[in-house]
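Biologist: I would like to learn how to read a structure like this one. Please take me through some features in turn.

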Amino acid sequence: MSKTFFGIQVVVRNFITDPLRPQLHEIIARSPGEQSLADKRAFWKRVAAVLNEAVPAFEMGYWDLVRGDGAEEEFESWSSEIEGSLATEKEELGAAADEVSRISAEKRYIVVTLLFLVEAGTNSDRTLGERCDVPKSEYWTRLTFGRLIATVPLLNFANVVADAVYLAPGSNEDGFSMEDVHGGGYEYLKLLL
Amino acid sequence: MTEAPPDRPFTRQVLIDGDALVGARWWQESLRLSADPISRRRALKGLVLVLGGSAAGVGLVAALIRSGDDVDVSMDALDLQKREGWNAGHPGTALRFPGATLFDADGGRSWVDALGTLASDLAPGQASLSPFYVPTLFQALGVASSASLRSDMMPVAPRAGGADVLRGKAILSLFEAVKMPADTAVILDLDGPTAVAVAAGMAPGFEPVFIFDNWPHPLGVVPSHLTLGAVLYHRPTFVRARSARAVPAPPVFVLDRNRLARYTDEDTQFDNRYVARLPTAENLRALGIRHTLYVSPSKSDLHELDDLNDDFVALAAASIDVKSMPLTDLDASAPSGDAAPARSPAAFYYGGGPHTHLWFWSSYGWHTPALAGRPAPVAPSNVSAGPAYRPALRPTIFSSRTLGGGSGIGKQKPSGFGRVSVRASRSTGTITGIRSGRSGSFGRAGGRSGG
């Protein structure tokens with residue numbers, strides 16, 4: 001079965017007092033372990049609504065649509081890399097030197113990642129294809145990222161094989177500095193216009 | 001016969017709820033295990049690989065960029081420097097160091113080896129104060145792209161006679177007279193090199209918490225390279241004091257008053273201004289702070305700078321007493337009789353003499369020194385009305401600039417403050433030029449390419 005991968009990652013300028021992070025955190029942490037199609041749509045509607053409020057604060061990002069043989073591998077790659085970073089990040093958070101580094105610059109960025117693996121040729125696949133078919137000059141705009149995220153609740157989840165959402169850092173007290181997102185494996189991120 | 005899908009087809013495979021990451025991943029097992037791909041309809045549209053930024057895709061896009069592809073945007077100055085280099089847009093312009101010296105306060109050159117470790121060398125020793133340390137300026141020296149900054153840097157010596165250090169020692173002696181109370185914090189809001197020198201004088205008894213939140217730039221409206229140079233000069237004093245200081249020590253928050261310097265000319269200035277991020281009233285109360293002494297340059301500057309007004313009013317509302325003292329209230333003894341004035345005074349005192357020094361506590365009232373046989377202090381005649389100062393809310397461009405009603409960490413800059421015009425490619429998101437003048441011309445960016 002051929003599949004299509006869609007992934008979108010966005011760096012959001014966020015302040016400790018902003019509601020974005022706690023809202024996302026709650027939506028993710030309270031999501032049921034088993035979801036019906038209606039549950040799934042409701043879940044993604046909530047995520048998209050929270051992110052939609054933050055579109056003006058999107059600073060950097062990256063998205064990709066991969067069809068064919070590499071799709072499932074791409075999903076595995078994104079999810080395993082993000083989940084795999086957990087141990088390293090935990091160690092860093094406790095290290096004194098890193099405390100200095102993180103506190104140093106403003107801890108004002110969070111990274112949100114949404115991943116989907118859909119059956120190729122289905123209406124979900126076509127919806128993604130149409131929404132991702134943007135002029136190259138608009139690949140890296142907040143507007144495009146907002147539109148792509150708004151597409152998610154429109155998917156027919158009967159055709160969605162797998163999906164994932166990640167919010168980093170997880171602690172409400174922490175955040176990434178601009179230095180963090182310019183290095184440490186995030187070099188691929190694009191400045192959003 | 002087709003098997004009906006389960007009511008809840010999505011099963012969560014992973015749930016992470018940690019400090020580093022929050023996340024969840026689901027699979028729809030019925031689709032994952034499907035063994036009948038033939039019955040599925042093929043895509044109607046051609047299976048075009050949409051390159052949302054893969055390396056190959058961006059390489060192609062970059063090759064097709066036209067000048068009309070650029071767009072002018074405003075960008076946070078610090079973010080721009082972190083992205084394009086500390087001297088963004090002006091890589092050939094040198095920093096100027098009036099008062100530079102080759103040697104630090106110990107007369108050595110260990111500062112050369114300390115350039116990359118300044119942020120950790122000067123971090124507060126007390127963990128409770130670490131969250132309020134803002135070493136952004138020090139970190140400018142540590143990044144790989146700042147090799148030219150490291151080679152440009154020089155220690156900046158204090159003014160002749162070391163008056164600023166001596167004034168710091170005078171503040172220290174006032175607090176030593178009341179046994180270094182941990183419930184009183186000092187905020188130095190002076191021009192950068194002066195603030196650093198005063199902090200160096202106080203360092204044996206106070207824990208310096210530097211709050212320098214920008215990077216230097218050759219055209220910076222805030223001459224923060226001079227502050228950085230002063231820190232390099234006094235670094236041995238700070239490092240030595242940290243290991244010798246009794247704990248807990250009261251904090252001295254060290255600010256550069258030039259952070260709000262007047263920005264007038266985009267032709268000749270780079271807007272590296274920033275706002276001070278002091279601990280909130282709640283933070284200070286948690287630290288046990290009940291009194292705050294705000295040290296300003298002179299009698300004409302008794303009130304706090306605009307970006308601190310909201311914070312100071314909030315402190316007062318939280319019953320944390322805020323009083324002000326200009327640095328000029330600390331003075332050297334006047335020569336008596338016909339004696340020639342000393343070229344370099346040995347000590348400074350509140351009110352200008354040892355007999356008025358401890359009157360500070362009579363004026364400020366927070367603590368009472370034990371005189372232990374010494375004569376009672378005399379009221380000075382030439383000091384400010386700082387003890388009577390109380391912060392009052394006033395409209396500023398920084399008023400209510402916080403999200404969610406908090407203050408301190410998370411404080412927002414007002415629009416247009418600390419921002420720079422840049423030209424960027426719509427296609428690649430890379431910066432192609434940085435505004436260098438009112439003429440609208442854009443210099444090329446620092447040479448990085450994206451994609």
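Biologist: Is Val252(B) buried or exposed?

Modeller: The general idea comes first: a residue is buried under 20% relative accessible area, exposed over 50% and partly exposed in between, with a 1.4 Å probe and protein chains only. Val252(B) has a relative accessible area of 0%, so it is buried.

Biologist: Before we go on, what kind of model is this, and how are things numbered?

Modeller: This is a predicted model, in which local features need pLDDT of at least 70 and side-chain atom pairs count only at pLDDT 80 or more, while totals for chains, interfaces and linings use all residues. Residues are numbered from 1 along each chain as its sequence is written, chains are lettered from A and ligands numbered from 1 in the order in which they are written, and side-chain values use heavy atoms, with hydrogens and water left out.

Biologist: Which residues does Val252(B) touch?

Modeller: Contact means heavy atoms within 4.5 Å. Not counting residues up to four places away in sequence, Val252(B) touches Val186(B), Leu188(B), Met202(B), Phe206(B), Glu207(B), Pro208(B) and Val209(B). Its C-alpha atom is also separated by 9.2 Å from that of Thr184(B), 68 residues apart along the chain.

Biologist: In which strand does Val252(B) lie?

Modeller: Helices (H or I, at least four residues) and strands (E, at least two) are DSSP runs, numbered from the N terminus. Val252(B) belongs to strand 6 of chain B. In total, chain B has 13 helices and 13 strands.

Biologist: What is the order of the strands in the open sheet of chain B?

Modeller: Strands of a sheet pair through backbone hydrogen bonds, either parallel or antiparallel. Two strands count as paired if DSSP finds at least two bridges between them. In chain B, an open sheet of five strands has the order 5-6-4-7-8, with parallel pairing. Strand 5 (207–210) and strand 8 (321–326) of chain B each have a single partner strand, so one side of each has no neighbour in the sheet. On average, neighbouring strands of this sheet are turned by 25° against each other, direction ignored.

Biologist: Which helix packs on this sheet?

Modeller: Axes are lines fitted to C-alpha atoms, for helices over the stretch in contact, and angles run from 0 to 180 degrees between N-to-C directions. Helix 8 (residues 192–202) of chain B packs on the sheet and touches strand 4 (184–190) and strand 6 of chain B. The direction of helix 8 makes about 150° with that of strand 4 of chain B.

Biologist: How many bridges join strand 5 to strand 6 of chain B?

Modeller: Four bridges join these two strands of chain B, which run parallel. Across this pair, Val209(B) stands opposite Phe253(B) in strand 6 of chain B.

Biologist: How does one check the length of a helix, taking helix 7 of chain B?

Modeller: The expected span is 1.5 Å times one less than the number of residues. Helix 7 (residues 163–176) of chain B has 14 residues and should span 20 Å; its end C-alpha atoms are 20 Å apart, which agrees. Eleven of the 14 residues of helix 7 of chain B are buried, including Leu166(B), Ile171(B) and Phe175(B).

Biologist: Where are the cis peptide bonds you can show me?

Modeller: One joins Ala168(A) and Pro169(A), with omega of about -10°. Pro169(A) lies in the loop between strand 5 (160–168) and helix 7 (178–182) of chain A. Another runs from Val247(B) to Pro248(B), with omega near 5°. Pro248(B) is in the loop between helix 9 (224–244) and strand 6 of chain B.

Biologist: With which residues is Gln35(A) in contact?

Modeller: Leaving aside neighbours within four places in sequence, the contacts of Gln35(A) are Lys40(A), Phe43(A), Arg8(B), Pro9(B), Phe10(B) and Trp26(B). Gln35(A) counts as buried, at 0% relative accessibility.
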